[in-house]
Amino acid sequence: MHEASAEQSVERTLGHLRAVDGPAAPPAPAAPLTLEDLYRTHRMRLVRLAILLVDEPATAEDVVQEAFTGLHRNWGRLRDAAAAVGYLRTAVVNGSRSVLRRRKTAREYVPPHAVNARSAESLAMLSTEHQAVVNALSKLPPRQREVLVLRYYGGLSEAEISEAAGISKGTVKSTASRALEALQRAMQSPN
């Protein structure tokens, strides 16, 4: 398998999950957007994003809840609905990073993403190929996993990934390239 087929596998798998989750956002309502509207519209998608980053549904729920709490605190300074979604996405990425840092410190570096951490239901929804991609993703370093998840699950552009992850566009490109190479190696090697 070469880098292009690793990229295709990631794109198929995370695209499949994105399709299962439904459209990213419904058409804009005529009335002003409320925090409740954002929660109802984006919560599950953000939870899935966090699950892909931290690998534990309960922790992912906590990360997303903290993101919405932070948005509530800053609601008065909000520019528009698009800014709110970007704020939430960035807060989920940063919250996931914090979780992973705490895990690493607490465990004196035990890899934070055990393959068994996924729920049976989530793995049952995936084909064998998709399971292999998700398992290989869990073996990547956090930054590489973030970039691939934001690109192929989140459907974000390099500029949006740069903003959400707090890294330059050049770093997004090089990280994505290294991540696809590492993913290819992980998928080729026997567990």
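Tutor: A salt bridge is a side-chain nitrogen of Lys or Arg within 4 Å of a carboxyl oxygen of Asp or Glu. The model is predicted, so local features need pLDDT of at least 70 and side-chain atom pairs count only at pLDDT 80 or more, while totals for chains, interfaces and linings use all residues. Residues are numbered from 1 along each chain as its sequence is written, and side-chain values use heavy atoms, with hydrogens and water left out.

Student: With which residue does E61 form a salt bridge?

Tutor: Helices here are DSSP runs (H or I, at least four residues), numbered from the N terminus, as are strands (E, at least two). E61 lies in helix α3 and its partner in helix α2, so the pair ties together parts that are 18 residues apart in sequence. The closest N and O atoms are 2.8 Å apart, and the partner of E61 is R43.

Student: Is E36, which forms a salt bridge with R40, buried or exposed?

Tutor: The closest N and O atoms of E36 and R40 are 3.1 Å apart. Being 4 residues apart in helix α2, these two residues are separated by about one helical turn. Buried means under 20% relative accessible area, exposed over 50%, and partly exposed in between, with a 1.4 Å probe and protein chains only. At 54% relative accessibility, E36 counts as exposed.

Student: How far apart are the closest N and O atoms in the salt bridge of R143 with E146?

Tutor: R143 and E146 are 3 residues apart in helix α7, and therefore separated by about one helical turn. R143 is partly exposed, with a relative accessible area of 35%, whereas E146 is buried at 3%. The closest N and O atoms of R143 and E146 are separated by 3.9 Å.

Student: Which residues form the aromatic pair?

Tutor: Rings of Phe, Tyr and Trp (its six-membered ring) pair if their centres lie within 6.5 Å; planes under 30 degrees apart count as stacked, over 60 as edge-to-face and the rest as tilted. By this rule the count comes to 1 aromatic pair. The two rings are edge-to-face, at 4.9 Å centre to centre and 70° between the planes, and belong to Y39 and F68.

Student: What is the relative accessible area of V133?

Tutor: V133 is placed in helix α6, residues 128–138. Leaving aside neighbours within four places in sequence, V133 is in contact (heavy atoms within 4.5 Å) with S9, V10, T13, L183 and M187. V133 is buried, and its relative accessible area is 0%.
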